[in-house]
Amino acid sequence: MNYLFGFGLPFALVLLLILFLRGKKSEPVVYDEMQTAVRGTAYKYSTITGVLSGFIAAFLVDQDLLPVDGSFAMMSVCLLMIAVYTVYMVMKGVYFGISGHWKKWTALILVIGLCNMITAVLRICEDGLPEKKLTIINIPVMTGAVFIIIAAAVLIQKAREKRSEDS
């Protein structure tokens, strides 16, 4: 029951917030040929990253060389794939939905990341680490890190775009 409120309630609130921020106009996102090619490359890099990091994580967890259990490692691989895909798309200028209102979406992504990190740190401080390993309960650490990395990538890309416009 505690997990329902710990995950379900924030998920529902974020979903409602996203629906509210999208507004009433729902225009489909259309990609040109260059953006479609970038998406394909991002999928390719994400898949390669997932396969390689999955093998590496499986080996390291099996050898007990990482302070994580298998569920945390698996979720970390998934979140790494999402981060690779999204950061590649952002750095290539293909923003799939945040292109029009990048400040609003970046702020939302950053808030979600910070909330996850705060939740993770407070949970670890309160409960400690069972068996001295990160478990699936501690996944907000990775989720928060991924969201903060994505927000940082957007800010870096926008700074690069502004610098190139000024030159």
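Author: A helix here is a DSSP run of H or I with at least four residues, and helices are numbered from the N terminus. The model is predicted.

Reader: Which residue just after α4 takes a positive phi?
Author: Start with the helix. α4 covers residues 102-127. Just after α4 comes a residue with a phi of about 75°, and that residue is G128.

Reader: What is the reach of α4 from its first C-alpha to its last?
Author: α4 has 26 residues. At 1.5 Å a residue, 38 Å is expected. The reach in the model is close to that, at 37 Å.

Reader: Which residues of α4 are buried?
Author: Buried means under 20% relative accessible area. In α4, that label goes to W105, T106, L108, I109, I112, G113, N116 and A120.

Reader: What is the distance between the end C-alpha atoms of α3?
Author: α3 runs over residues 70-91. Its 22 residues should span 32 Å at 1.5 Å a residue. The distance in the model agrees with that, at 31 Å.

Reader: Against which helices do the buried residues of α3 pack?
Author: The buried residues of α3 include F72, A73, S76 and V77. Y85, M89 and V90 are also among them. Their packing partners are α2 (33-62) and α5.

Reader: Is α3 roughly parallel or roughly antiparallel to α5?
Author: Two packed helices are described by the angle between their axes and the distance between the axes. The axes of α3 and α5 come within 10 Å and cross at roughly 10°. Angles under 35 degrees count as roughly parallel. So the label for α3 against α5 is roughly parallel.

Reader: How many residues in the contact of α3 with α5 are nonpolar?
Author: From α3, the residues in this contact include F72, L79, V87 and M91. They meet residues of α5, among them M142, I149, V154 and R160. The contact has 4 polar residues and 1 charged, and the nonpolar ones number 13.

Reader: Which residue with a positive phi follows α3?
Author: α3 ends at residue 91. The phi in question is near 85°, and the residue is G93.

Reader: Is V61 buried, partly exposed or exposed?
Author: V61 sits in helix α2. Its relative accessibility is 23%. Buried would need under 20%, and exposed over 50%. V61 is therefore partly exposed.

Reader: Which residues beyond four places in sequence are in contact with V61?
Author: F72 lies 11 residues from V61 along the chain, and their C-alpha atoms are separated by 10.0 Å. Contact is a separate test, with heavy atoms within 4.5 Å. Leaving aside neighbours within four places, the contacts of V61 are V68, D69, G70 and A73.

Reader: Where does D64 lie?
Author: D64 is not a glycine, yet its phi is positive, about 60°. Its relative accessibility is 48%, so D64 counts as partly exposed. As for its place, D64 is in the loop between α2 and α3.

Reader: Is K132 buried or exposed?
Author: K132 lies in the loop between α4 and α5. It has a positive phi of about 60° although it is not a glycine. Its relative accessibility is 69%, and over 50% is the cut-off. K132 therefore counts as exposed.

Reader: How many disulfides does a search of the whole structure find?
Author: A disulfide needs a pair of cysteine sulfur atoms within 2.5 Å. C78 is partly exposed at 33% relative accessible area, and C115 is partly exposed at 43%. The number of disulfides found in the whole structure is 0.

Key
Residues are numbered from 1 along each chain as its sequence is written. This is a predicted model: local features need pLDDT of at least 70, side-chain atom pairs count only at pLDDT 80 or more; totals for chains, interfaces and linings use all residues. Side-chain values use heavy atoms; hydrogens and water are left out. Buried means under 20% relative accessible area, exposed over 50%, partly exposed in between (1.4 Å probe, protein chains only). Helices (H or I, at least four residues) and strands (E, at least two) are DSSP runs, numbered from the N terminus. The expected span of a helix is 1.5 Å times one less than its number of residues. Axes are lines fitted to C-alpha atoms, for helices over the stretch in contact, and angles run from 0 to 180 degrees between N-to-C directions. Angles under 35 degrees count as roughly parallel, over 145 as roughly antiparallel, 65 to 115 as roughly perpendicular and the rest as oblique. Ala, Val, Leu, Ile, Met, Phe, Trp, Tyr, Cys and Pro count as nonpolar, Asp, Glu, Lys and Arg as charged, and the others, Gly among them, as polar.
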